[in-house]
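Here is a structure to look at. The questions that follow concern its backbone.

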Amino acid sequence: MSFKPLLPIEAITANMADLHLPLRPQEAIVEADRCLYCFDAPCIAACPTGIDVPGFIKKIAARNEVGAAKTILTANILGASCARVCPTKVLCEGACVLHDRDQKPIEIGRLQRFATDYVSERKISVLKPPATKNGIAIAVIGAGPAGLGCAAELAQLGYSVTVFEKEKLPGGLNTYGIALYKMTPAFSLEEIELVKSLGVQIQCGVNIGKDKSIADMEREFKAIFVAIGLGAGNRLGIPGEDLPQVVDALTFIKRLHSEPLNSVAVGERVVVIGCGNTAVDSVTQSIRLGAKQVSVVYRRGQNEMSAYDFEYAHAKHDGATFLFHCMPLEVVASGGHVSGIKLVKTKVNAAGNLEAVAGSEWIEPCDMIVKAVGQEKQVPFLKKLFPTLAMNKRGGIVTDALTGATSLPHVFTGGDCSNAGREVVNAVGEGKKAAHGIHQFVTKKQPEFPMQHSRMGHKAGASGSGLLHPIRAHELEAALAKRLSAQGKANK
Amino acid sequence: MADLSSNFAGIKSPNPFWVASGPPSNTAYQTHRAFEAGWGGLVWKTIGTPIVNVASRYSALNFGNQRMIGFNNIELISDRAPETNFLEIAEVKKRWPNHAVIASLMVETREEWREFVKRAADCGADGIELNYGCPHGMCERGMGSAVGQQPEVAERITSWVMETATSPVIVKLTPNITDITAAARAAKRAGANAISLINTINSITNVNLDTFVPEPTVAGLSSHGGYCGPAVKPIALNMVQCCAADPKVALPISGIGGVANWRDAAEFIALGATNVQVCTAIMHYGFRIVQDMNEGLSTYLDSKGMQSLEELVGKSVRNVNEWKDLDLNFQRVARIEYDKCIGCNLCYIACEDGAHQCIDLVAPESIGVDLGPGRVPHKVLPKIREDDCVGCNLCSLVCPVHNCITMVEIKNDKPRMSWSELQDRVARGEMKPIPPHP
């Protein structure tokens with residue numbers, strides 16, 4: 001593209017530095033000591049991998065950092081990246097009881113980072129592969145968080161696991177799709193070394209269906225875990241969309257992860273279409289590359305956006321403008337270059353559908369457009385690989401939530417291709433559950449999910465079993481808002 | 001405003017807050033600072049036999065984010081010449097005639113005691129405190145707690161002092177003894193005017209797990225130190241009450257041990273102390289802490305309609321009895337206020353693993369609570385089975401929310417019945433004895 005870098009490389013690199021600084025040892029101990037050590041704590045219930053949060057925090061307080069890391073990584077093999085990328089404000093930290101004591105919640109994410117950094121910086125291995133393998137081979141398609149979560153758990157159960165990845169590098173969105181100020185690709189790759197250390201084989205650059213057939217895989221492997229995530233970014237379907245300055249959000253972020261930062265094109269005036277968390281990442285990354293003005297276009301209102309409130313606040317803090325209740329009609333170009341986007345106001349009609357307000361069109365000037373309107377489902381590809389695999393209406397694979405089982409007995413799944421798009425931590429948890437599902441399929445024994453000490457586990461229903469009955473972050477966010485408004489009324 | 005002025009065994013001070021004998025009361029300079037800050041009296045750091053101190057001298061017990069919940073020291077008595085100390089006491093008394101300055105003494109022979117008692121009187125000290133308590137260093141030379149631990153020795157030395165003393169004599173007691181009242185009675189028999197307690201407790205606060213030498217470390221060795229600070233308050237309160245309740249002691253008590261604010265002081269006074277002495281809290285935060293003590297105690301007395309301190313002295317002494325006098329038929333259960341519950345379940349796990357298994361975790365819907373505490377939808381919450389609750393208090397103690405779990409009396413129609421009454425009635429044939437455990 002014809003863009004020239006807006007900022008020198010040093011400035012961009014500085015801009016992309018960690019948003020949340022690591023805790024220093026003394027800070028970590030002081031913070032850990034604030035934890036009440038709840039029993040069957042809500043933070044565990046809110047963690048889709050069911051990490052024994054109070055358990056690891058108390059270990060930090062007692063300066064047993066290695067034990068803390070072991071607690072985390074036993075529950076969540078990607079605990080180090082989840083410590084950086086989890087929306088903790090609406091998961092574990094959102095559930096912290098200290099909110100109700102009118103105090104700041106425990107900084108669980110940063111404490112988790114402290115413990116996992118401690119062992120990785122010192123090259124201390126806290127997980128060990130079993131001494132003997134059971135000789136059973138399992139295939140995993142996709143080396144993203146779900147695939148890695150499943151592979152690591154299976155390896156620890158004694159299986160020989162091979163992961164097939166179509167990209168050059170493993171990690172999926174962890175390597176290619178996270179805002180740089182949260183996590184770098186290098187960090188993601190280093191973390192994957194932990195998975196490899198358990199004996200997991202990862203083959204990159206393999207296109208399943210082309211380089212390797214499902215029939216071959218079914219011969220070589222006892223079961224297949226499908227974790228192919230979602231497809232390319234959705235199209236807007238408007239004129240001018242194929243101009244070079246109109247880019248897909250994930251492509252934009254992927255370039256930041258695989259090319260020198262000062263070679264990644266960005267406009268001075270950027271319009272981001274869509275209002276999810278990827279849209280926010282596009283906003284904040286554009287600004288860090290030097291964009292002077294960034295606007296977000298969303299066809300509905302603030303209450304409907306799928307971005308978390310704290311991500312929205314982050315974008316606002318960075319200076320983004322939000323244009324709610326409007327949608328794009330066409331990309332305006334001048335001399336073959338994007339010069340603006342034609343927008344129209346929207347309203348909800350009597351039937352409850354969105355419609356354009358005639359005559360309200362205007363042109364928002366811009367020189368770059370980022371599309372962040374969700375990713376394509378993988379239905380055609382999956383149908384090609386597994387013609388009889390049952391799919392649900394949302395474009396995900398029909399999945400048993402506890403075991404990851406699909407309509408095909410030897411095929412299991414988890415992550416975005418199954419849940420239609422959730423957090424990294426959900427993917428890891430689903431991969432882990434599917435590993436036990438596969439173990440059950442192979443051994444014909446009831447799965448025994450690892451339970452950690454300060455939990456009631458599945459015996460008490462939703463309580464404590466964040467792994468088995470994960471709470472959706474948005475569900476928790478809504479529950480918290482309801483509670484806060486009830487408190488507000490009570491205070492009046 | 002209630003009158004805080006204090007008269008302890010004839011020693012008058014503007015308030016009952018004295019700086020205890022120790023590092024904060026080492027010099028005239030510190031004493032001026034203490035009195036300027038609002039302390040009513042001060043017990044000078046113990047004057048006596050020449051000594052040499054070591055480095056290091058102190059160590060501490062931290063708990064969570066709280067530093068120095070307990071503190072210990074192996075520092076000896078004043079390392080300054082007695083002449084200097086007596087001279088400075090005289091100087092302080094000149095400037096602060098209405099404040100109490102007590103000379104703490106520790107020497108060995110009868111002649112030395114007589115001489116030091118006289119010198120203390122000559123410098124104008126308002127009283128004398130006999131240090132029979134230090135559990136480190138001096139006791140190895142037959143002083144300090146070596147005296148306090150043998151009531152007959154303490155009695156003998158005290159009687160030597162009483163031969164010469166012209167001002168009130170306070171005997172400071174060591175807690176490193178099985179029965180504190182034995183030492184207190186000895187002081188009484190010898191004619192002492194008052195007792196002060198407690199001195200520090202034998203202790204090792206921690207072990208350095210790299211060097212395997214406990215702190216405080218002196219060239220690769222440690223020693224048993226005297227323990228004090230907030231963590232010793234319950235031990236001190238117990239001993240103060242024991243002495244206050246003993247008719248054979250009947251001496252004014254100066255309460256010492258973990259006093260850090262007006263509440264601590266009020267508790268000591270309610271359990272029979274006439275005044276209190278403070279050291280560790282000053283070593284932690286400085287003399288300024290006395291402002292809260294003066295204001296807080298005065299406001300408290302006002303709120304209770306008490307005109308003076310004397311009305312508070314000993315108010316709780318008779319509320320502590322022997323176990324055998326407690327009512328076996330009294331019933332109390334725990335109640336949770338769900339509006340305050342934050343869902344930490346600490347009450348549940350404490351009761352389940354550490355007490356009597358009387359709390360269940362139930363779905364919030366089942367007891368009509370909408371979004372359960374802990375902010376996670378459908379998260380279970382604790383429910384007390386009142387029929388099984390033994391009223392032990394544990395859940396209310398571990399609950400991190402003030403007044404969320406309260407202990408409620410359950411009225412029943414059984415008459416008051418203590419263990420001793422029960423035994424009496426059994427002996428009289430009015431009741432059957434309790435059957436043996438099956």
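B:P216 lies in the loop between strand 12 and strand 13 (225-228) of chain B, where helices (H or I, at least four residues) and strands (E, at least two) are DSSP runs numbered from the N terminus. Residues are numbered from 1 along each chain as its sequence is written, and chains are lettered from A and ligands numbered from 1 in the order in which they are written. The model is predicted: local features need pLDDT of at least 70, side-chain atom pairs count only at pLDDT 80 or more, and totals for chains, interfaces and linings use all residues.

Reader: Is the peptide bond from B:E215 to B:P216 cis or trans?

Author: Most peptide bonds are trans. The bond from B:E215 to B:P216 has omega near -10°. This bond is cis.

Reader: Is A:K123 buried or exposed?

Author: A residue is buried if 20 or more other C-beta atoms, placed from the backbone, lie within 10 Å of its own, exposed if 12 or fewer, and partly exposed in between. A:K123 has 6 C-beta neighbours inside 10 Å, so A:K123 counts as exposed.

Reader: What is the phi of A:Y37?

Author: Most residues other than glycine have a negative phi. A:Y37, in the loop between helix 2 (25-34) and helix 3 (42-45) of chain A, is not a glycine, yet its phi is positive, at about 65°.
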